[in-house]
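Here is a briefing on a predicted model. Look through the sequence and structure first, then read the points by topic.

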Protein chains: 2
Amino acid sequence: MRSSSRRAGTLFGPLWVLAVNSVVRKGVSILSTARLTPKSNLLSALSLCTFVCVGSARALADEGMWLFEDLPRARLKQKYDFAPTSAWAEHVMLSSVRFNSGGSASFVSSKGLVLTNHHVAADTLQKLSTPDNDYMKNGFLARRCEEELKSPDLELNKLVSIEDVTSRVKGAVDPFLSADEAYRARRAVMAQIEKESLEESGLRSDVVTLFGGAKYHVYRYKKYTDVRIVWAPESRAAFFGGDADNFEYPRYNLDAALFRVYENGKPAKIEHFLVMANAGVKDGELILVSGNPGRTRRLHTSAALKHLRDRTLPRALDLLRRREVLFQQFGYEGNEQRRRARKELFSVQNRRKAYTGMLDGLLDPALFAAKKAEEDAFRLQVQSRTDLGFAADVWDTIRDAQARLAGQSDRISSLARLSRYYRLAETLVLLAAEDQKPSGERLREFRSSARKSLEHDLFSPAPIYDDLEQVKLADALGYFAQLRGFDDPLVAAVLDGKNPGERAAEVIHGTQLKDVAQRRRLAAGGAGEIARTSDAMIELVRGIEPEYRRVRQVEDEVAEVERQAYAQMLAAKVVLQGTSNYPDATFTLRLAFGVVRGYIEHGRTIPPWTTLGGAFDHENRHGGQGDWRLPCHLTSYARPILSAEIPAALS
Amino acid sequence: MRSSSRRAGTLFGPLWVLAVNSVVRKGVSILSTARLTPKSNLLSALSLCTFVCVGSARALADEGMWLFEDLPRARLKQKYDFAPTSAWAEHVMLSSVRFNSGGSASFVSSKGLVLTNHHVAADTLQKLSTPDNDYMKNGFLARRCEEELKSPDLELNKLVSIEDVTSRVKGAVDPFLSADEAYRARRAVMAQIEKESLEESGLRSDVVTLFGGAKYHVYRYKKYTDVRIVWAPESRAAFFGGDADNFEYPRYNLDAALFRVYENGKPAKIEHFLVMANAGVKDGELILVSGNPGRTRRLHTSAALKHLRDRTLPRALDLLRRREVLFQQFGYEGNEQRRRARKELFSVQNRRKAYTGMLDGLLDPALFAAKKAEEDAFRLQVQSRTDLGFAADVWDTIRDAQARLAGQSDRISSLARLSRYYRLAETLVLLAAEDQKPSGERLREFRSSARKSLEHDLFSPAPIYDDLEQVKLADALGYFAQLRGFDDPLVAAVLDGKNPGERAAEVIHGTQLKDVAQRRRLAAGGAGEIARTSDAMIELVRGIEPEYRRVRQVEDEVAEVERQAYAQMLAAKVVLQGTSNYPDATFTLRLAFGVVRGYIEHGRTIPPWTTLGGAFDHENRHGGQGDWRLPCHLTSYARPILSAEIPAALS
């Protein structure tokens, strides 16, 4: 998401992301996703969060991240004279790809080629790299299929169908149940629906909560787990202009990469894919963008935003800065250390910037006052109508839920987030216990229908670096002690009489979780094996498990209370405002649109597109220093794609 | 202090610093401080916190940072057969220099040359640098006196005499006074002593609190305020090995610089100075080090250490990391931005590392338990003797004082620390009010005897960069809001309906404090002028002043309570243990000593010295990459010092 919210300076950042999605002009394009013009038959679209390319165009987005099954047809028709057919929508949907690890992409050939951002590919590039073959730094190009490298743990999803199951989910949750009971009932029915859908369709099936709990849809995905990297530029090209450009407006970086999905050891045959546009877009032209935005919070009450402003974001930022400094310090130890920590440092920095932007928005009194005034007016309306009595108390309900979270001892999972070993051990420990329950009663991520995806990650052979793990675990233990207080009995038990650094060294030394076969053995052995093993990391997690479950229970209950409250609020909104609208983002497929347009900055007109030559000018303006140094081999990367031999669809 | 405490892994870090102070071997020296051998007449010493030089030796320090008027003569005689004469001690004392801004140094010529660390000189180099003349990056060398550049605000102090005024201070503070009254009485008598001493001697006179309040000495300093930079290496040489080496063991960096002090526009004539040693030190040889260590906390009770561990240090680290990320992000915007923020980033990083080390030590349960056991035993001893009744409650007193601090709303001065404009405005606002009181009743920093030093800083023409100030003030305002809560009335008043970024821009735009003449006018105008001015930064500070004074009052009272309690504890200690010892560090002159010695690491014997050639080897081992690239001109810097023409004393 880059620093979208920072730049937009609003609470609801992702809109701006749309504006940096790119259409490539004819003649100067290096890579191209195809484009859609309503007046032509050329079928094409862009992926949300797709790359910002050398030679790119800028578009101003209309408000909206629309569900594919509920497109704003009237608006599109009226404003742009464009009437998407069902076949068009289905084609764009089937051409769109979701990276399960977070990210959007497009199919761009019949032979399984997937175009995405370099920053989406970065995790895989990092995992495939070694000190001698650093694909992040040097880029990667497979000249033949046999040279393509398989990702250790990528899972790509193609959305195949959507089904509304709202009535079945709501029917299973008696309105008179307590929050805890309602949560259990809802979890059970969702797991059941997913299980049935998986068995019936053979497809990954996720029940998605929309409109904060007013609607439930099953999203069915075709999964691809044999995913291979085909091409990625050097980080100098992908991240050209560095953090400075990234933070402001990444106009010239080649933030793109190609993967290929395989089935049964062969490139997958893809029926629906986007083709390269032969003609460039025009100024003022409509473009449409499909992708999977992560999260928005338009429904949030002022109490929830206040909690976000005064507690969640400041704490998250303290933690992110702590990690940023940690990874940076680790990287100071040498080039190899820098390489190992690079991807995590980058992620942490990007999140820090996004959250800083969100907090900046929330710290704007005028913006907050406007939100509050709108809420007060709406609340008054609701409370003045007897038929909306069901929603009269939702604001208080949400405020109380937030207060319960604030009183809650700090999240224990801060440990898990940082150390890969810890994460693996936690999954194994919870898995062993959860598998003794029926699928519908488990913590949601352990439901049977999601098992394959979970195991794909759990048994990933991606490298783990003990030196980095050591530093991460030591810091996480220190943070744990800081949050709970050093005299907390659990902290004392976890540290076992040592300081965080010593304890981390001991645990890392005493774990065999690097060995994938050992992980498989532990997973297969179930609760008995987990109880017996003397693996130090498993033991550490076992000690924390009861507290983890206690905290998790509170969080899940609070989430359930909020889900119900927001659903009621939305129902009242629909009665009063009668507007058809789109739900907050939930990392599911949406369509956005807007027109290609330049803008004015400091009195200068900025054209809607940049050119490849502009990248070299940009380099010159910065004296080719630091992050503004293009890689020598830029043109050699560009060649296979620029080449006249490449047909409209990549091969 | 570098990462001393980190490496030592103890609560009391500065000891290790002694171990990195250097004696330079004959033949390979570039720079040399002279050395002292007890068996020869060659008079010499090292400065504490002096440079670690290319070609350096390592010494293992004995425990102790001794007062010059109370040297451990028996121990020196017994262990090293060295009996320092009073003349010797006076000579070393008079050859030692303190940078009032923080740092130690030595006179090294009769014509006012002062040798110190590059990192001590960095603040001046930063202030003298411009985008076109970047002395931090490129180094500096004045070939003639006329080329030496005057620092905008350095003040150097030479300790001239020490007088014990314990009885006069204690006599002025009736033991039955309340903490507030005692604080006022003590402040008044200290200000009076300083004023009398200044008038009598014409010297800067500071009453220094020793042994946490058991003793009071007047330190009289000759001040030098015309201080010019003579030589500084490029940062590549001064910080060779970068943060990685700095964090572990800076063996090869040329962390040195030369200043010259002037009087009446001419190089000052210096009678006592250290001369270069003609012969190198030997393995096992005694060396002695004089300097001004900042602070130690050996007397701290476990309650005080707990407060440090659980509150002070974690908060300080959150803030430091916040600033580290802030300065780094600012630097990403370009080379000039990086240059502007460099010095502050460096300071913040160094403090972050030092505090991380302290916290690591405090997070060691064994270390903490040992401290507690020692305290409990001592406390039991005290409480079992009726003659020590005066000290029986000091632990509870200190615990309660800490609790009062913890209940205290967070320090308001966090704003001041970051923005130079804010700091200037705060000084002007407080000055105007304080000057209406007698000197002895003012906040201590505004006493009349310290006025010259205060004005030297207040009217410094050092550059102020509005873009950096803007970023700093915006962040400080955001932090202020975070600490006190956004709904706090003072926060609302300070932000004046804008978000932190907008408010910061408005205030920076509305201040004229960059203009030194304007500062002088405001200072001269007194309270009336401060009340009348519409300078936006002054107005901001005026709004915060009452709360600042309220918080300050609590802090000063708590400090007074602690001062009394520690004095009583120490008195009991002396009765029970009868040991003569040295007081905690207070940024006053001390002498430490130890022997030159190598050590064993990973089974390898590390010799006590490194050689100039080692720096080039070190560069090669790291492939000359990143921070391990020596500057091309290293030898040209070295030449004027290495040259055979240079006599034993630099000219």
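**A buried loop serine**

Ser151(A) sits in the loop between strand 8 (149–150) and strand 9 of chain A. Its relative accessible area is 3%, under the 20% limit, so Ser151(A) counts as buried. The model is predicted.

**Around Ser151(A)**

- The side chain of Ser151(A) reaches the backbone nitrogen of Asp153(A) at 3.2 Å.
- Beyond its neighbours within four places in sequence, Ser151(A) is in contact with Thr124(A), Val227(A) and Arg228(A).

**Chain A as a whole**

- Chain A has 24 helices and 18 strands.
- Of its 651 residues, 58% count as buried.
- Take the contacts in chain A with a separation of 6 or more: residues 24 or more positions apart account for 78% of them.

**Helix 4 of chain A**

- Helix 4 spans residues 86–95, and seven of its ten residues are buried, so the rest of the structure largely encloses it.
- The buried residues are Trp88(A), Ala89(A), His91(A), Val92(A), Met93(A), Leu94(A) and Ser95(A).
- Their cover includes strand 4 (96–99), strand 5 (104–107), strand 9 (156–164), strand 15 (286–291) and strand 16 (590–596) of chain A.

**Salt bridges within a chain**

- Over all chains, the search finds 114 salt bridges.
- One of them joins the side chains of Asp466(A) and Lys514(A), at 3.4 Å from N to O.
- Asp466(A) lies in helix 18 (residues 466–484) of chain A, and Lys514(A) in the loop between helix 20 (500–509) and helix 21 (516–532), so this pair ties together parts 48 residues apart in sequence.
- Both ends are partly exposed: Asp466(A) has 31% relative accessibility, and Lys514(A) has 42%.
- In chain B, Lys437(B) forms a salt bridge with Glu434(B), with the closest N and O atoms 2.8 Å apart.
- Lys437(B) is partly exposed at 30% relative accessibility, whereas Glu434(B) is buried at 0%.
- A network of salt bridges links Arg98(A), Glu155(A), Glu194(A), Arg204(A), Asp206(A), Arg444(A) and Arg447(A).

**A salt bridge between the chains**

- The side chains of Arg309(B) and Asp487(A) meet in a salt bridge, at 3.5 Å from N to O.
- Arg309(B) lies in helix 11 of chain B and Asp487(A) in the loop between helix 18 and helix 19 (489–495) of chain A, so the pair joins two chains.
- Arg309(B) is buried at 3% relative accessibility, whereas Asp487(A) is exposed at 52%.

**The interface of chains A and B**

- In all, 36 residues of chain B are in contact with 36 residues of chain A.
- The buried area is about 3,300 Å², and carbon and sulfur atoms give 53% of it.
- The rule finds four salt bridges across this interface.
- Six residue pairs are in polar contact between the chains, both residues at pLDDT 80 or more.
- On the side of chain B that touches chain A, helices 10, 11, 12, 13, 18 and 20 of chain B each supply at least two residues.
- Helix 11 of chain B gives the most, with eleven residues.
- By class, this side of chain B has eleven nonpolar, nine polar and 16 charged residues.

- The same surface serves both copies, as 100% of the contact residues of chain B recur in chain A.

Terms used:
Residues are numbered from 1 along each chain as its sequence is written. Chains are lettered from A and ligands numbered from 1 in the order in which they are written. This is a predicted model: local features need pLDDT of at least 70, side-chain atom pairs count only at pLDDT 80 or more; totals for chains, interfaces and linings use all residues. Side-chain values use heavy atoms; hydrogens and water are left out. Contact means heavy atoms within 4.5 Å. Buried area is the accessible area (1.4 Å probe) that two parts lose on being put together, summed over both. A polar contact is a pair of N or O atoms within 3.5 Å; within protein, one must be able to donate a hydrogen and the other to accept it, and residues adjacent in sequence count only if both atoms are side-chain atoms. Helices (H or I, at least four residues) and strands (E, at least two) are DSSP runs, numbered from the N terminus. Ala, Val, Leu, Ile, Met, Phe, Trp, Tyr, Cys and Pro count as nonpolar, Asp, Glu, Lys and Arg as charged, and the others, Gly among them, as polar. Buried means under 20% relative accessible area, exposed over 50%, partly exposed in between (1.4 Å probe, protein chains only).
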